[in-house]
Amino acid sequence: MTGDEALRASRRRLLADAFGIAVSNGGFGFVYGLSARDAGFSPIEAMAMSTIVFAGAAQFAAVGYVASGLAWPGIVLLTALLNARHLLYSAALSPWLRDVPLARRAGMAHLLTDEAFALSISHFRRLGRADERGFWIGAIASTFIPWNLATLAGVLLGAQIPDPARLGIDVIFPAAMVGLAAGLITGRRELVAAIVGAGVAVGGALALSPAIGIVAGGIAGPAVGLLIPASVAGETAPLGTPASVEHYAMPGTHADRASPAPDSPAVPPGTGAPEP
Amino acid sequence: MSTNLVLLAVLMFAATYPSRALGLLTPGLDRLPRVALEYLQLVGPAVLAALGAVNVMVVVGDDDLTSFHVGIEWVAVLLCLVIVARRRNLFLGLVAAVAVVVAARALGFAALPG
């Protein structure tokens, strides 16, 4: 496959994933607009949050805090804590985007959400290099536009819509995050990082707070993943392929009978370091 | 129409942007030692799994106390995971996850959140 063909194939996959994320963001943005309206936000205030802050969890939290009368310094402090995980995203994307001009990277930073990170890092790793347009597709088309349009719809039309929970909107975000994480698992290190990250996050969320748990999981997961020896981590097999059965199954199980997968997806370069 | 909270939005932006920008705008971050780059490579799966797990397994009550949650959402997310792993199709996984939750709630097998 040539470079152009690989780019087109990866962008098609990106668009397909982005469509699912856009639906998710549309649902959540709508619920956010609805919540903001119920808390007394005007349409301008709700839209200011969605365009200027552009951080779903922090916006939902702010609605609750404003409604309960929490002082603004407290809201700002909690926002900083809730969004601290973005530091990990920007650090992880930095090696890929080093050749993008500074001004555009500054713009990218504002649009760096959970979803934009998940879509772009998956796309870059499939390609083995950065694709700036791919980042903008993930950040703007699947996230910024649906989130803001849905916020506007929620705050203006919310009263006419039945209970959104009946539509199962609440399950889209966690399902999307777990699904995108699965797409990034190509070896034992990633698998261990994901499992430990999830476990630490849940423990931290129960003991302290969800925001602290997520950051703790994001820090501890990769640290434990790195403990997997490089020789073992070098064996890669995207989750769900026949090759992954061979890699992840317990000794003595059906994996021993699995045949090699001639059509396994290409191994992303640098199971260790990214090669943008 | 009130615009008082626009200033709060600006302050929240000021609290959020540094964490989003620090990594992207710090020069030389791409020249980190190999082990640091390998660590960053693992951040994606760890954070995304953490977000998914916390959203499904932890509930925050009205009193801001957290509790462990077991429900139909586990089945939905697991189904999405299996579909993505086997079919490489996130959208199909999301549709299946939503369908399971909607059906379970409509049939009374699962409670509505909150």
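Helices here are DSSP runs of H or I with at least four residues, strands are DSSP runs of E with at least two, and both are numbered from the N terminus. On that basis, chain B has four helices and two strands. The model shown in every view is predicted.

Figure 1. Read from the N terminus, the elements of chain B follow the order α-α-β-β-α-α. Chain B comprises 114 residues, of which 45% count as buried. Among its contacts with a separation of 6 or more, 26% join residues 24 or more positions apart. Mean pLDDT for chain B is 88, with 97% of its residues at 70 or more.

Figure 2. Chain A contains 13 helices and zero strands. Of its 276 residues, 53% count as buried. Residues 24 or more positions apart supply 72% of the contacts in chain A that have a separation of 6 or more. Where pLDDT is low, the predicted coordinates should not be read in detail.

**Figure 3. The contact between chain A and chain B.** The predictor assigns the complex an ipTM of 0.86 and a pTM of 0.69. Chain A contributes 91 residues to the contact and chain B contributes 70 residues. On the side of chain B that touches chain A, at least two residues come from each of H1, H2, strand E1 (58-60), strand E2 (66-68), helix H3 (72-87) and helix H4 (90-106) of chain B. The element that gives the most to this side is H2(B), with 23 residues. Sorted by class, the side of chain B that touches chain A holds 51 nonpolar, eleven polar and eight charged residues.

**Figure 4. The largest nonpolar core and the surroundings of A:Ala181.** The largest nonpolar core has 116 residues. Those with the most contacts inside this core are A:Ala175, A:Ala181 and A:Ala201 from chain A, and B:Ala50, B:Val54, B:Cys80 and B:Ala97 from chain B. H2(B) gives the most to the core, with 15 residues. When neighbours within four places in sequence are left aside, A:Ala181 is in contact with A:Ala194 and, across in chain B, with B:Pro45, B:Leu48, B:Ala49 and B:Gly52.

**Figure 5. Buried and exposed residues of helix H4 (residues 72-82) of chain A.** The buried residues in this helix include A:Ile75, A:Thr79 and A:Leu82. Viewed down the axis of H4(A), the buried residues fall within an arc of 65°, so they line one face of the helix. Exposed on the other side of H4(A) are A:Pro73, A:Gly74 and A:Leu77. The cover over the buried residues of H4(A) includes H3 and helix H11 (210-225) of chain A together with H1 of chain B.

**Figure 6. The buried side of helix H6 (residues 102-110) of chain A.** A:Arg105, A:Met108 and A:Ala109 are the buried residues of this helix. Around the axis they cover an arc of only 105°, which puts them on the same side of H6(A). The buried residues of H6(A) pack against helix H5 (86-93) and helix H8 (132-157) of chain A, together with H1 of chain B.

**Figure 7. A:Met47 and A:Phe54 of chain A.** A:Met47 is found in helix H2 (residues 43-53) of chain A. A:Met47 has 19 other C-beta atoms within 10 Å and is therefore partly exposed, since burial requires 20 or more. Apart from neighbours within four places in sequence, A:Met47 is in contact with A:Asn148, A:Thr151 and A:Leu152. A:Asn148 is 101 residues from A:Met47 in sequence, yet their C-alpha atoms are 6.9 Å apart. A:Phe54 lies in the loop between H2 and helix H3 (56-68) of chain A. With 25 other C-beta atoms within 10 Å, A:Phe54 is buried. The phi of A:Phe54 is near 50°, a positive value in a residue other than glycine.

Methods: Residues are numbered from 1 along each chain as its sequence is written. Chains are lettered from A and ligands numbered from 1 in the order in which they are written. This is a predicted model: local features need pLDDT of at least 70, side-chain atom pairs count only at pLDDT 80 or more; totals for chains, interfaces and linings use all residues. pLDDT is the predictor's confidence in each residue, from 0 to 100. Two residues are in contact if their C-beta atoms, placed from the backbone, lie within 7 Å. Ala, Val, Leu, Ile, Met, Phe, Trp, Tyr, Cys and Pro count as nonpolar, Asp, Glu, Lys and Arg as charged, and the others, Gly among them, as polar. A nonpolar core is a set of buried Ala, Val, Leu, Ile, Met, Phe, Trp, Tyr and Cys residues joined through C-beta atoms within 7 Å. A residue is buried if 20 or more other C-beta atoms lie within 10 Å of its own, exposed if 12 or fewer, and partly exposed in between; C-beta atoms are placed from the backbone. The arc is that of the directions from the helix axis to the C-beta atoms.
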